[in-house]
Amino acid sequence: MNIQIAHNAGFCSGVEKAYNIALETSKKNIPIYVLGYLVHNSFVISKLESQGLKTIKSLSEIPSGQKCALIISAHGVGPHIYEEAEKRHVEIVDTTCAWVKKAQRIARDLGRSGYQIIIVGDKDHTEVKGITGWAGENNAVIVQSLSDLDKIAFSDKVAVVAQTTQSLENFNAIVEELKKRTKDLVVHNTICGATFRRQASAVDLAKASDIMLILGDRRSANTKRLKELCEKTGTPTFQIQDASELDKKWLNGKNNIGITAGASTPQEIIAQVVNKINA
Ligand code: SF4
């Protein structure tokens, strides 16, 4: 049996940085809160919580007047969170990924210039909500697929950006359709380089494999996209969160096993799965 791991599988530089900053911050002698999930991976979250970090859903969970630090995740947040944290005199530890910051800046500038901003991404994802906040709630429309375009009344000036972990295929298809439906369209492909490379390597490996295993949390948008892209190659594809979810039946009669992992999946999980297959 030949097991091959795709290039760029597992933690990306943005997640790695956020994780290391969070670990370093946990050494401070004050309560440390993380707004939302630092990354979408239960294994990583449990590890951080074991260091004393507390995940909260809203700033209202922080006792007023408490001297504490607030970690903002790699996915970023809208401007109102910074304002609220400042009002509460909470120390901000910002781990927003540089690629997400870039998308936020573009959305903010376009919003200020009077553009209606189409954000190609998952409606409920933290990163998309943050970008929407920077664009201005009234200027932004979130589009997941081509069919969402039918519900939009387009302005004269339209711009389009992407959630950093979108598939290029979906983004390009939406851009092509927008070109037909708008008068003045500004396009910013804000998909991050790490996502693009990870997806390309996953698809290449899926084409050369008898089965493809995608490792990552089911809440992780980029992992979900890896699964969709690998499935499209026709190779049987299964997503698992860790080695305990591996079903031996999937491997029967398979010689070439391909593995990739989402940006928030640590190397430990990849190693556990490889060990289990070998065993
Ligand atoms: S997937 Fe890309 S945008 Fe998201 S944290 Fe990693 S490098 Fe940053």
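Student: Which residue in S8 does Ile119 stand opposite?

Tutor: Ile119 faces Val161 in S8. This is a predicted model, where local features need pLDDT of at least 70, side-chain atom pairs count only at pLDDT 80 or more, and totals for chains, interfaces and linings use all residues. Residues are numbered from 1 along each chain as its sequence is written.

Student: What makes strand S6 and strand S8 a pair?

Tutor: Two strands pair if DSSP finds at least two bridges between them. Five bridges join S6 (residues 116-120) to S8 (residues 157-162), so the two are paired, and they run parallel. Strands here are DSSP runs of E with at least two residues, and helices are runs of H or I with at least four, numbered from the N terminus.

Student: Why are S7 and S9 said to stand at the edges?

Tutor: The open sheet has the order S7-S6-S8-S9. Strand S7 (140-143) and strand S9 (184-187) each have a single partner strand, so one side of each lacks a neighbour in the sheet.

Student: How do you know that the radius of gyration of the protein chain agrees with a compact globule?

Tutor: The radius is taken over C-alpha atoms, and the globule rule is 2.2 Å times the number of residues to the power 0.38. For 279 residues the rule gives a value near 19 Å; the protein chain has 20 Å, which agrees.

Student: What share of the 279 residues in the protein chain is called buried?

Tutor: Buried means that 20 or more other C-beta atoms, placed from the backbone, lie within 10 Å of the residue's own. Buried residues make up 44% of the protein chain.

Conventions
A residue is buried if 20 or more other C-beta atoms lie within 10 Å of its own, exposed if 12 or fewer, and partly exposed in between; C-beta atoms are placed from the backbone.
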